[in-house]
Amino acid sequence: MPNFSSISWALALVLTFAVPMAPAAEKQTGEASYYAESLVGNKTASGEPYDSSAMTAAHRTLPFGTRVRVTYPKTGKSVEVTINDRGPYAKHRIIDVSGAAAKQLGLIEDGHGVVELEVLP
C-alpha cells in the first residue's frame with residue numbers, strides 16, 4: 001500500500017518543477033477595426049502608451065503579451081501583433097489593431113473587415 005505522505009511529496013516536487021505549457025493554438029474569425037490616430041499616446045489597458053507605429057492590438061480576453069497572427073483574407077495579407085490592450089467594445093468586433101498593422105493588412109481603406117486570428121506559440 002502506498003505511503004500517502006510520500007505521494008504528496010512527489011506530487012509537490014513534480015508541480016514545482018513542471019514546465020509551463022504554451023497555450024493551445026486558438027483560431028478565431030470575426031470583424032476587425034483599427035485605432036484612430038487621435039488615440040496616439042493614450043494609455044492602453046496594459047499601461048503602455050498607444051503607438052500607432054507599433055504592431056499591437058486590443059482583444060477582450062487574450063492575455064497581454066500574447067502574439068497573434070492576423071490575416072485579412074480580402075487582401076491575403078497577414079501581420080503579427082502583440083496584445084497590449086482590451087477591447088474592442090464595438091459589437092461583433094473581435095480585435096482592434098494598430099494603425100501600422102491596419103496599413104500592412106490593407107484594412108485602412110475599408111475601415112473594418114473580417115479577419116482570421118491565430119494565437120502564436
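Predicted model: local features only at pLDDT ≥ 70, side-chain atom pairs only at ≥ 80, totals over all residues.
**View 1. Surroundings of valine 70.** With neighbours within four places in sequence left aside, valine 70 is in contact with Lys77, Ser78, Val79 and Val81, as well as with Ile95 and Val97.

View 2. Six strands close into a barrel in the order 1-5-2-4-3-6, with mixed pairing. On average, neighbouring strands of this sheet are turned by 45° against each other, direction ignored. The protein chain contains 2 helices and 6 strands, arranged along the sequence in the pattern α-β-β-β-β-β-α-β.

**View 3. The hairpin of strands 3 and 4.** Strand 3 and strand 4 run antiparallel and are joined by 6 bridges. Arginine 67 stands opposite threonine 82 in strand 4. The hairpin formed by the two strands has 4 residues between them, and glycine 76 in the turn has a positive phi of about 75°.

**View 4. Pairing of strands 3 and 6.** Strand 3 (residues 67–72) also pairs with strand 6 (residues 112–119), in the antiparallel sense and over 4 bridges. Threonine 71 stands opposite glutamate 116 in strand 6.

View 5. Threonine 56 belongs to strand 2 (residues 56–58). Because its relative accessible area is 11%, below the 20% limit, threonine 56 counts as buried. Residues up to four places away in sequence not counted, threonine 56 touches Asp51, Val81, Thr82, Asn84, Asp96, Val97 and Ser98. Strand 2 pairs with strand 4 in the parallel sense over 3 bridges, and the bridge partner of alanine 58 in strand 4 is aspartate 85.

**View 6. The whole chain.** Of the 121 residues in the protein chain, 35% are buried. Among contacts with a separation of 6 or more, 72% are between residues 24 or more positions apart. The chain exposes about 7,500 Å², of which carbon and sulfur atoms supply 60%.

Definitions and conventions. Residues numbered from 1 in each chain as written. Heavy atoms only, no water. Pairing = 2+ DSSP bridges. Axes fitted to C-alpha atoms, helices over the stretch in contact; angles between N-to-C directions. Contact = heavy atoms within 4.5 Å. Buried < 20%, exposed > 50% of the residue type's maximum accessible area, 1.4 Å probe, protein only. Areas by Shrake-Rupley, 256 points an atom, 1.4 Å probe, with all protein chains shown as cover.
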